[in-house]
Each structure stands twice: as C-alpha cells, then as structure tokens.
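Student: Hey, I've just opened this one and I'd like a quick tour. Can we start with the ligand and then look at the pockets?

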Amino acid sequence: MIARINGLNLAYTDQGQGQPVVFLHAFPQSRAMWAPQAEALSKTHRVVTLDFRGFGESDAPLWHYTLEQFADDVKGLLDHLSIQQAVLVGLSMGGYTLFAFYRKYADRVKGLVLADTRAQPDTEEGRAGRFTMAQTAYAKGASAIADIMLPKLLSPVALQTKPDLVGQVREAIEQTQISGIAGALMAMAERPDSVPLLTQIACPTLVITGELDGPTPPADGKLMAERIPGARLEIIPQAGHLSNLEQPEAFNGALQSFLKTIQ
Ligand code: MLT
C-alpha cells in the first residue's frame, strides 16, 4: 500500500486486527525485515510496517532526511490509518526514530520496544565514518554498502550458516537508492543525545538486544533498561544486530509476552 504523507509516497503494509503495533526498520533495510514478526503477530494484533523515506518502496528524495522527519512521517501514517495510539517497535535506526517520535508525539505511544538500538549519539569518529560511508555509496554503489554493513548487521555464525538470510539482507541493501542511504546516514550522524530522555519515558517499555550485537551491544540495552522507569530487558541468545531475523522465535516470544501486559 502507498500513502501520500508529507509530500511523499510512503509504502506500508497493514494487516490483522486488534491493538495496533507499528514496526520501524533498521538501516539500510526495509519493512520486509519484519516478515517473521508480521506473520506471528497479525493473528492477534493489527500490524503496520512501513518503509522510511529513502528505503524499500517509498520515495527517496535527494533531501530532507532527519530522524525528526522520519518521526513526522510515522505520525502522518498513523493519522492516515486513523490510529490514535500504538505500540511502536523500532530496531536500531528504527529505535533512534522512536526517541524522536516520543519527544514530539508521546500521546500517540501506548508502549515502546527499543530493539538493538542505543540512546547515546554518535562519537566524532562514528560521525566521520558516516560521511565516509555516504561517499562510498556515491562512488561505489549500494553493493559496496552491503559489503560494509553485512558483518555489522549479522553475527559471524549467521554469516557462515544462514545463506538465505545473508542473501535477503544483502538484497534489501542493494535495492536501496543512494539518496536514501546517504540521507539516512546524515540523519543518524546528526541525531541528538537521547540519554537525558530515558528517565522521562513514562509508557511501558521493552528493551531487546541480541547477545552478539556488535553495533549496539547488550551494554547499550542495559543502560536504556536501567534508566527507563519500569523497563524490561531481554537479551536474545545467539543473535547479532538484526536479532529479529536471526532468532525470530525468541524475539517474537519476548514481544508477545510484553504485548500481553499492555491493555
Ligand atoms: C541500523 O541497524 O539501523 C544501523 O546499524 C544503525 C547505525 O548505523 O547506527
């Protein structure tokens, strides 16, 4: 499905009935990464997945990429679908977007799931790495970005033993437009420190981290869970950064038991 939001075509999928759960994908992926969650949860919930601007089947303009803009797009989609409140699930870049969303639209949040993400901003070195990666994207194309990102997104075990998963993650990266890759890299580089926000989060929150997550290791998840009042923490064994894809059953189990606590 396509919705016209903030002047762009945004692609989304809306399936199932019940309490709405909205999923926000990682960089540089698309809503397709939520297939195992959509299949399991749409039996009991209304599951909405969307492609951020710049990704998947959404428009990829040459500009305007900020995490606040991503949050405005999510809010626009909620309005379009007449969803007043939802549980929002964000993985990595999706989680960064949730902090931006919560700052502006806390009244639309029924619960938060912060998966394989972190509240800290980029270091100077991290920011410089984003600019280098954006230049690589322009110079060498999306397949060079796949070469860089695959060892970050998947654990060494998954890289060696799950060729279908590796192929799926690579394909999603290679299908991403360069304007989307570069735009999202700039957006992530410029994101503010969300650590001060953590103690202000007043909704039910689940933090999930893959045990083998390199980019956002369990220590980042623990920091969020310690500071967000009442938050639960789930460390998923044998999972790297895309923990929902590496260990979908454990991820879904954590999500389902959290959703049961939310009326
Ligand atoms: C992601 O998975 O969204 C990225 O690894 C996030 C990042 O580069 O910080």
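Tutor: By class, the shell around the ligand has 7 nonpolar, 2 polar and 1 charged residues. Here Ala, Val, Leu, Ile, Met, Phe, Trp, Tyr, Cys and Pro count as nonpolar, Asp, Glu, Lys and Arg as charged, and the others, Gly among them, as polar. Bear in mind that this is a predicted model: local features need pLDDT of at least 70, side-chain atom pairs count only at pLDDT 80 or more, and totals for chains, interfaces and linings use all residues. Residues are numbered from 1 along each chain as its sequence is written, and side-chain values use heavy atoms, with hydrogens and water left out.

Student: Which residues are around the ligand?

Tutor: They are A26, F27, S92, M93, Y96, R130, M149, L153, M188 and H241. A residue is near a molecule if one of its heavy atoms lies within 4 Å of it.

Student: And which helices do they come from?

Tutor: α3 (93-105) and α5 (142-153) each supply at least two residues of that shell. Helices are DSSP runs (H or I, at least four residues), numbered from the N terminus.

Student: How far is the polar side-chain atom of Y96 from an oxygen atom of the ligand?

Tutor: For Y96 the distance is 2.6 Å. A polar side-chain atom of R130 lies 2.7 Å from a ligand oxygen, and an N or O atom in the side chain of H241 is 2.8 Å from one.

Student: How many residues line the largest pocket?

Tutor: The lining has 20 residues, and R118, R130, M149, K152 and P215 lie nearest the centre. α3, α4 (124-140), α5 and α8 (178-189) each give two or more residues to that lining.

Student: What about the second largest pocket?

Tutor: The second largest pocket has a volume of about 200 Å³. Its lining divides into 7 nonpolar, 3 polar and 6 charged residues, and the largest share, 5 residues, comes from α3.

Notes:
Polar contact = N/O pair within 3.5 Å; in protein donor to acceptor, adjacent residues only side chain to side chain. 1 Å grid on protein atoms, 1.4 Å probe; cavity = no way out; pocket = protein on both sides within 12 Å on 5 of 7 lines; lining within 4 Å. Points joined across faces, edges and corners; volume = space filled by probe spheres on them.
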